[in-house]
Every structure is written in structure tokens, then in C-alpha cells.
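Good morning, and thank you for making time for this presentation. Please keep the sequence and the model in view while I speak.

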Amino acid sequence: MVGYGPEDNHFVAELTYNYGIGEYRLGNDFLGITLVSSQAVSNAKKMGWPLKEVTAGIFETEAPGGYKFYLEDKAQLKQDPVLKVTLGVSDLQKSVNYWSNLLGMKIYEKDEEKQRALLGYADNQCKLELKTVGAVDHGTAFGRIAFSCAKEELTNIEALMKKENQKILTPLVSLDTPGKATVQVIILADPDGHEICFVGDEAFRDLSKVDPNGAKLLDDAMAADNSDEWFAEQKMQKASA
């Protein structure tokens with residue numbers, strides 16, 4: 001889990017490495033993450049990382065897996081520098097109704113001409129941007145977006161989804177985490193199949209505490225990964241998902 005601060009008040013990304021998979025086919029479901037950080041722009045330039053200025057002061061770049069990032073060349077916000085996450089949708093109004101009327105997000109912007117909308121749960125939190133892309137293709141690399149809420153709200157969410165005949169991928173369930181908290185989660189799917197996880201906030205706060213040794217543990221694990229050598233010895237190639 002990587003981000004600019006604790007998950008209590010920052011957007012974080014979960015990066016998952018699946019052994020044996022060499023590449024994924026990207027779809028048009030996840031359109032990118034927008035950051036406000038002149039430091040990120042400066043870092044990319046120093047590293048020679050490819051940047052393309054798409055509008056004045058906004059640079060497009062790609063992570064190694066092909067995921068797009070948009071970097072606003074402004075002083076990094078004191079709050080979370082992650083400004084928004086953008087998802088592709090097939091029917092803007094239908095998606096706005098789902099995220100706003102059913103899931104309770106506030107509509108901050110809506111542009112019919114550009115077929116985009118900006119929604120969120122709070123002014124100081126990362127926003128969700130929806131953009132019309134036509135038919136949504138999830139490729140083989142799709143993930144999910146997650147939110148925490150008071151655990152008593154989870155039963156209300158499940159009841160509402162059942163009442164409105166909306167898709168529930170995983171009914172409300174308790175998940176044990178060895179040595180840590182037991183969390184309650186429910187996983188939904190919006191009209192385009194974007195997976196949405198709601199998790200009980202009380203246990204989530206315990207589960208998501210920042211590990212002061214996290215960076216070192218990750219570096220050590222990556223350094224110890226010899227999967228490339230193993231595949232070479234077996235004269236095998238990692239599969240495409």
C-alpha cells in the first residue's frame with residue numbers, strides 16, 4: 001500500500017505482484033490518477049522519465065505497467081496530493097445516479113459537453129472522476145476502489161443494494177487477518193462492473209496503521225525475489241494474463 005500519508009486521510013494505491021504473470025492487457029476502465037506535485041514533475045525530469053505536457057502545467061506520464069498519471073506542476077498540497085482518480089463509464093448519467101443517489105457521493109462538477117463528472121465524499125478528500133468512453137473494457141488488469149465507513153453503515157448499504165436490485169459481488173462478510181483486526185466488508189459492482197469495496201472503519205483503522213518498517217520490508221522482499229531466474233532456469237516465460 002503506497003501513498004502520501006496514512007490511509008485514514010490519504011488515498012493509497014495497492015500494488016499487487018502476481019508470480020508467474022509477465023504482463024497484463026490494460027482496458028479503458030481505469031483512466032489515471034491526477035497528482036498535484038511540482039516535486040513529482042521535478043523528480044520525473046531528473047530521472048529522464050517520459051513526460052508529455054497535455055495542457056499548460058499538466059504532464060502525462062506512465063507507470064511501468066502502462067497506468068497513466070497526470071502531474072500538475074504546482075506546490076504539493078498540504079492535504080493529500082492525490083487530486084482525483086478517473087474511471088471510464090459507458091453512460092455518464094447512469095453512473096452519476098449510481099455513485100451519487102445510491103452511494104451518497106456529492107457531485108462537485110458535471111460537464112455534459114465533455115461527458116465527465118467529478119464526485120466525492122468530502123471537500124478535502126481525493127475525488128472520483130467519471131468519463132464517458134463508450135463500452136467499458138476491463139482488460140485483464142482491473143482492480144477495485146475501496147472506501148471505509150462506520151461498520152453499522154455496511155448493513156444499510158447491503159440492504160439498499162438489494163432493494164434497488166444492484167449487483168453485490170461479495171455480501172457483507174467478516175474477514176480475519178492473522179495477528180490483526182477482523183474487518184467487515186461488502187463488495188459491489190457499479191453499472192459498468194467497476195468493483196467497489198466498503199470496509200468497516202473501526203477495524204480498518206487498526207488494519208491500516210502505517211508500518212514504520214514498511215519501505216525496508218518491501219525493498220528486502222523485492223531484492224529476494226528470484227522469480228526471473230527461476231523462469232529462466234526452467235526455460236519458461238511468464239504468462240500474459
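Q115 is located in the loop that connects β9 with β10 (116–120); helices (H or I, at least four residues) and strands (E, at least two) are DSSP runs, numbered from the N terminus. The phi angle of Q115 is near 55°, a positive value in a residue other than glycine. Most residues other than glycine have a negative phi. Q115 is partly exposed, its relative accessible area being 26%. In these terms, buried means under 20% relative accessible area, exposed over 50%, and partly exposed in between (1.4 Å probe, protein chains only).

Let me state the basis of these values. The model is predicted, with residues numbered from 1 along each chain as its sequence is written, and local features need pLDDT of at least 70. Side-chain atom pairs count only at pLDDT 80 or more, whereas totals for chains, interfaces and linings use all residues; side-chain values use heavy atoms, with hydrogens and water left out.

K235 also has a phi near 55°, again a positive value in a residue other than glycine. K235 sits in the loop between α6 (227–233) and β16 (239–240), and K235 is exposed, at a relative accessible area of 79%.

I turn now to the sheets. Eight strands form an open sheet in the order β5-β6-β7-β4-β8-β11-β10-β9, with mixed pairing; two strands pair if DSSP finds at least two bridges between them. Each of the edge strands, β5 (52–55) and β9 (106–111), has a single partner strand, so one side of each is left without a neighbour in the sheet. From one strand to the next, the twist averages 25°. Within this sheet, β4 and β8 (residues 82–89) pair in the antiparallel sense over 5 bridges, and T34 has K84 in β8 as its bridge partner. Helix α1 (residues 38–47) packs on the sheet and touches β4, β6 (58–62) and β7 (68–72); contact means heavy atoms within 4.5 Å. The direction of α1 makes about 115° with that of β7; axes are lines fitted to C-alpha atoms, for helices over the stretch in contact, and angles run from 0 to 180 degrees between N-to-C directions.

There is also an open sheet of 4 strands, ordered β12-β15-β14-β13, with mixed pairing. Its edge strands are β12 (144–149) and β13 (168–175), each pairing on one side only. Strands β12 and β15 (residues 195–200) run parallel and are joined by 6 bridges, and C149 has G200 in β15 as its bridge partner.

How many salt bridges does the structure hold? There are 14, a salt bridge being a side-chain nitrogen of Lys or Arg within 4 Å of a carboxyl oxygen of Asp or Glu. One of them joins the side chains of E60 and K68 (3.1 Å, N to O); E60 is buried at 15% relative accessible area, while K68 is partly exposed at 27%. Another joins K106 and D123 (3.7 Å, N to O). That pair links distant parts of the chain, with K106 in strand β9 and D123 in the loop between β10 and β11 (127–132), 17 residues apart.

K216 forms a salt bridge with D220, with the closest N and O atoms 2.8 Å apart. Why are K216 and D220 separated by about one helical turn? Because they are 4 residues apart in helix α5 (residues 214–223). Finally, K84, E109, R116 and E129 are linked in a network of salt bridges.
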